[in-house]
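Reader: I am new to reading protein models. Can we go through this one step by step?

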Amino acid sequence: MNLYRLEMKKMRFSAYLWAISGIFASLLALGILFLFIFQMEKGESGSPEEVELFANWNGLFALTTALAFACFSVFSAVIAAKVVVSEYCGKNAVILLSYPVERTAILETKCLLVCGITTISAFISNIFVVGIMYAAAHIGGIVPQMTTEHFVLVVLSSSILMGISSSAVGIISAAFGWKKRSVIVTIVCSLIIVCVLTNFITVSPGNIMWVMLAISTGFVVIANVIYSVLANGIEKMEV
């Protein structure tokens, strides 16, 4: 527990709260915009994909989840760059590696904090964004179709899976950043992953929960493999 307290003090978590608040506000603004797009496009012709994304809650939720995944993946990479890459590749590496604690225990603590903060923040943010969108839609008389019987369950499960996926991206990016001894590489790696994979979330809005399950499972497996490589590398670092 002392390791977690020490890392939290070093992180200055209050600074990240501003980032989380900014992401939430941006996603909420885009979510409300999606509702207005639905209102403006209602009755106009469009492709089936466009209709599905904006005409029902599954599509709207898939869009907000895809954007949340992109934002929180980069957010996770930023935290990982700070607590892993900067410390193990910076001037304080000698002090860090000289602690009378197993190196893997310290690294595990750092990575668990990255994953925990990202997953919880992404989950709460997505839940509130969708909840406020739903309330705004009813207040404004905007009524997208509800095509899923257990929509609340879909939102809860998909949001937690999205948070897990985002945290895994942070760990993967940190490993590449540590390998190249560069914070910039960490951020760029997360951006590349986001650019390549975000669109897959909106491929099948009606099956968003299963899509997120597949993506999160894949990311968790890859992150665990890469974490093992990272841990072995740090274990062998010379003081």
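Reader: Where is Ile-187 placed, and is it buried or exposed or in between?
Author: This is a predicted model. Ile-187 sits in helix H8. Buried would need under 20% relative accessible area, and exposed over 50%. At 23%, Ile-187 therefore counts as partly exposed.

Reader: Which residues touch the most other members of the largest nonpolar core?
Author: This core holds 64 residues. Helices that give two or more residues to it are H2, H4, H5, H6, H7, H8 and H9. The residues touching the most other members are Phe-75, Ile-79, Tyr-88, Leu-107, Phe-219 and Ile-234.

Reader: Which helix gives the largest share of this core?
Author: Helix H4 covers residues 57-89. Its share is 16 residues. The largest share comes from H4.

Reader: What is Tyr-88 in contact with, beyond four places in sequence?
Author: Tyr-88 is one of the residues that touch the most other core members. Its contacts include Ala-93, Leu-96 and Leu-97. Arg-103, Ile-106, Leu-107 and Lys-110 are also among them.

Reader: How do the axes of H4 and H9 run, roughly parallel or roughly antiparallel?
Author: The two axes come within 14 Å. They cross at roughly 10°. Angles under 35 degrees count as roughly parallel. So H4 and H9 are roughly parallel.

Reader: How many residues of the contact of H4 with H9 are nonpolar, polar and charged?
Author: From H4 come Phe-61, Ala-62, Thr-65, Phe-69, Val-84 and Tyr-88. From H9 come Ile-208, Met-212, Phe-219, Leu-230 and Ile-234. The division is 10 nonpolar, 1 polar and no charged.

Reader: What span should H9 have, and what is the distance between its end C-alpha atoms?
Author: H9 has 28 residues. At 1.5 Å a residue, the helix should span 40 Å. The end C-alpha atoms agree with that, at 39 Å apart.

Reader: Which helices do the buried residues of H9 pack against?
Author: Buried residues of H9 include Ile-208, Val-211, Met-212, Ile-215 and Ser-216. Phe-219, Ala-223 and Ile-226 are also among them. These buried residues pack against H4, H5, H6, H7 and H8.

Reader: What is the phi of Arg-181?
Author: Most residues other than glycine have a negative phi. Arg-181 lies in the loop between H7 and H8. It is not a glycine, yet its phi is positive, at about 55°.

Reader: Which residues does Met-146 touch, not counting those up to four places away in sequence?
Author: Met-146 is in the loop between H6 and H7. It is partly exposed, at 39% relative accessible area. Ala-55 is 91 residues away in sequence, with the C-alpha atoms 9.1 Å apart. The residues Met-146 touches are Trp-57, Tyr-134 and Phe-151.

Reader: How far apart in space are Ala-25 and Ser-125?
Author: Ala-25 is in helix H2. It is partly exposed, with a relative accessible area of 44%. Ser-125 is 100 residues away in sequence. From C-alpha to C-alpha, the distance is 9.1 Å.

Methods: Residues numbered from 1 in each chain as written. Predicted model: local features only at pLDDT ≥ 70, side-chain atom pairs only at ≥ 80, totals over all residues. Heavy atoms only, no water. Core = buried A, V, L, I, M, F, W, Y, C linked by side-chain atoms within 4.5 Å. Buried < 20%, exposed > 50% of the residue type's maximum accessible area, 1.4 Å probe, protein only. Helix = DSSP H or I, 4+ residues; strand = E, 2+ residues; numbered from the N terminus. Contact = heavy atoms within 4.5 Å. Axes fitted to C-alpha atoms, helices over the stretch in contact; angles between N-to-C directions. Parallel < 35°, antiparallel > 145°, perpendicular 65-115°, else oblique. Nonpolar A, V, L, I, M, F, W, Y, C, P; charged D, E, K, R; others polar. Expected span 1.5 Å × (residues − 1).
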